[in-house]
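Biologist: I am new to this kind of file and would like to learn how to read it. Could we go through it feature by feature?

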Amino acid sequence: MSGTGEPTWRDPAREEDEDMEGTESEEEEEDEIMEENEEEEKDTGPERVYLPGMKPLEEGEELVMDHDAYILYHQAQTGAPCLSFDVILDTLGDSRSDYPLTLFLCAGTQSDTAQGNRLLVMKMHNLHRTSKEKEGSDSESSESEDEDEEKKPQLELAMVPHYGGINRVRVTTLMDTPVAAVWSEKGQVEIYDLQKQLAAVSDPQNLATFLKEEQAKIKPVYSFSGHMTEGFAMDWSLKTAEGGTWLVDQRPFTGHTKSVEDLQWSPNEDTVFASCSVDASIRIWDTRAAPNKACMLTAIQAHDSDVNVISWSNNEPFILSGGDDGVLKIWDLRQFQKGTSVAKFKQHTSPITSVEWHPTDGSVFAAAGADDQITQWDLAVERDQDQEGESDDPALASIPPQLLFVHQGEKDIKEIHWHPQCPGIIISTALSGFNVFRTISV
C-alpha cells in the first residue's frame, strides 16, 4: 500500500445491473433459451439448495448475490489489506438505525514491505440502505440515477506510517481520549493517541492540514518490546482507567505450553480474563493472584487442535471459541471445570479466524473462517419438530437450526466485529478489502 493511495468503494449492484443490460433481440433469444432450460430442469429432478462447503461449484457455475437478503451492503478497499481492525466508539448515539450510517474504524495494514505499512483511522459515511425496491417508470428511473449519485458511500482516511505489518489492533477510550493498542510483526506493542486522526477524517480542512503537517510526525505515546517476537493476543480491560504512567508487569502469566492466540477480559469482573492457545486449551485467569498461580480454570483439550479465537459474552456467562478444526464451541463458565462445551457447531470447513458475540443479544453470535464464509447464529432457535423431515433435500437436514445466515463473496477473511452502536451491522476485513453489511436475519 502506498502512502498516497486513494480509498475506493465498489458497487456490486451497479456492476451486476450493467452486466444484465442487452438489446431487445438478445432478450428474446434469452427467453427462448430459458424456456429450453426449464424443460431440461423438469427432466433432471427437483432443484437442490446450494450449501457452502458441502459441494464445490461445477464448471461454468457461479454464485450470484441475493441483494434482497441484505438491508445494507457496502465494500471498500484501502490499498494494502488489513489483518485487524477495531470499531471506534463515537458520539453520534447508541442503538441508531436511521440511514445513512456513519462509522469510525481503526485498522492496520499488511503491506508487501515493512516500510509500506500504515495505521489507519477511517470514517465511513453516507452508508445508505441497499435493499432493492421495485423499479418505477422511465422518469422515475432518471430521477433514481440522480439519487444513486447522492447515495454513494464516502470514505475518509487518516494514515500514519508504521514500520512493520500490523497483526492486531484494539481500541478503547482512556480519560476521554481514544487510543489504539497495536501489536506488529516487529514484536512491539505500541499505544497511539487517535485524537488528531479522528479530527482529520471529521473535517476536510483538518484532513488537509493533517496530511501536510502532522501525518509523518505521529508517534506512539508508549512502546513495549518485552515480548521479543510478534503475536496476536491483546485486549483492553473494561475497567475505568486511572491517571498515571504506563506500567508493564515483568512477571508473565505462565500456564500455556505453546503460543497464545487470543485473550479477552471479562466484561463483568475487572480482574478476570480468558486466553486460548495453540496447545488446544482455554484458560481463565484472575490477576489478584500471583501470575504463576493466576490460572483458575482450564479446559485442557478445548479443541482437537489450535484454538485460534475466543469471545466473552456481554450478556451471558458464555465464552465462544473457534479452532483450526473449523469447530465453534460454546462454554458455560458455570460448568467450565468439566472441560466440556455446552454446544458445538461444525458448519465451517476450514480454520475459524474470528468470532464475536452480538453486543446486546445474548444468544446471537457471528463467526468467520478460512473457507471464506461469515456465519450468523442464534442459540435461541430450535428445530420445529412438526416440520422435521418435510424437505425433499436431505442435505438441508444437516444444517443446524441455529444457523441464520451465510455471507460469502470475500477472500481470506481475517476479522469481524459487530458495531456496538448500530444494531445488526457487521464489519469484516479480508484480503479482498472491507465489507459493511446488515442481513435480514439479525
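This is a predicted model: local features need pLDDT of at least 70, side-chain atom pairs count only at pLDDT 80 or more; totals for chains, interfaces and linings use all residues.

Biologist: Which residues does the annotation "repeat: WD" cover?

Modeller: According to the unreviewed UniProt entry, the annotation covers residues 253-288, 300-341 and 345-379. Such annotations may be inferred rather than shown by experiment.

Biologist: What is the chain like over residues 253-288, and what over residues 345-379?

Modeller: Residues 253-288 are 0% helix and 47% strand, with the end C-alpha atoms 12 Å apart. For residues 345-379 the values are 0% helix and 51% strand, and the end C-alpha atoms there are 11 Å apart.

Biologist: How many aromatic pairs does the structure hold?

Modeller: In general, a pair of aromatic rings is described by the distance of the centres and the angle of the planes. The structure holds 16 aromatic pairs. In one of them, the rings of Y222 and W246 have centres 5.9 Å apart and planes at 25°, so the pair is stacked. The cut-off behind that word is an angle under 30 degrees.

Biologist: Where do Y222 and W246 lie in the chain?

Modeller: Y222 is in strand β10, while W246 is in the loop between β10 and β11, so the pair ties together parts that are 24 residues apart in sequence. Y222 counts as partly exposed, at 24% relative accessibility. W246 is also partly exposed, with a relative accessible area of 37%.

Biologist: Take F365 and W377 next. What is the angle between the planes of their rings?

Modeller: The angle is 10°, with 5.9 Å from centre to centre, and this pair is stacked. F365 belongs to strand β20 and W377 to strand β21, 12 residues apart. Are they buried or exposed? Both F365 and W377 are buried. They also belong to one aromatic cluster, together with F318, F345 and W357.

Biologist: Let us move on to charges. How many salt bridges are there in the structure?

Modeller: The general idea is that side chains of opposite charge can pair when their charged atoms come close. The structure holds 9 salt bridges. Among them is the one between R168 and D262, whose closest N and O atoms are 3.4 Å apart. R168 lies in strand β7 and D262 in strand β11, so the pair ties together parts that are 94 residues apart in sequence.

Biologist: With which residue do the side chains of R168 meet in a salt bridge at 3.7 Å, N to O?

Modeller: That residue is E415. E415 is in strand β23 and R168 in strand β7, so this pair ties together parts that are 247 residues apart in sequence. The relative accessible area of E415 is 5%, so E415 is buried. R168 counts as buried too, at 8% relative accessibility, and D262 is likewise buried. R168, R170, D262 and E415 are linked in a network of salt bridges.

Biologist: Are R334 and D332 buried or exposed?

Modeller: Their side chains meet in a salt bridge at 2.9 Å, N to O. R334 is exposed, with a relative accessible area of 57%, whereas D332 is buried, with 6%.

Biologist: How many residues of β5 are buried?

Modeller: The count is 10 of its 10 residues, and β5 is described as mostly covered.

Biologist: Which way do β4 and β5 pair, parallel or antiparallel?

Modeller: β4 and β5 pair in the antiparallel sense, over 7 bridges. Within that pairing, C106 stands opposite V121 in β5. β5 and β6 also run antiparallel, joined by 8 bridges, and L120 stands opposite M159 in β6.

Key
Residues are numbered from 1 along each chain as its sequence is written. Side-chain values use heavy atoms; hydrogens and water are left out. Helices (H or I, at least four residues) and strands (E, at least two) are DSSP runs, numbered from the N terminus. Rings of Phe, Tyr and Trp (its six-membered ring) pair if their centres lie within 6.5 Å; planes under 30 degrees apart count as stacked, over 60 as edge-to-face and the rest as tilted. Buried means under 20% relative accessible area, exposed over 50%, partly exposed in between (1.4 Å probe, protein chains only). A salt bridge is a side-chain nitrogen of Lys or Arg within 4 Å of a carboxyl oxygen of Asp or Glu. Two strands pair if DSSP finds at least two bridges between them.
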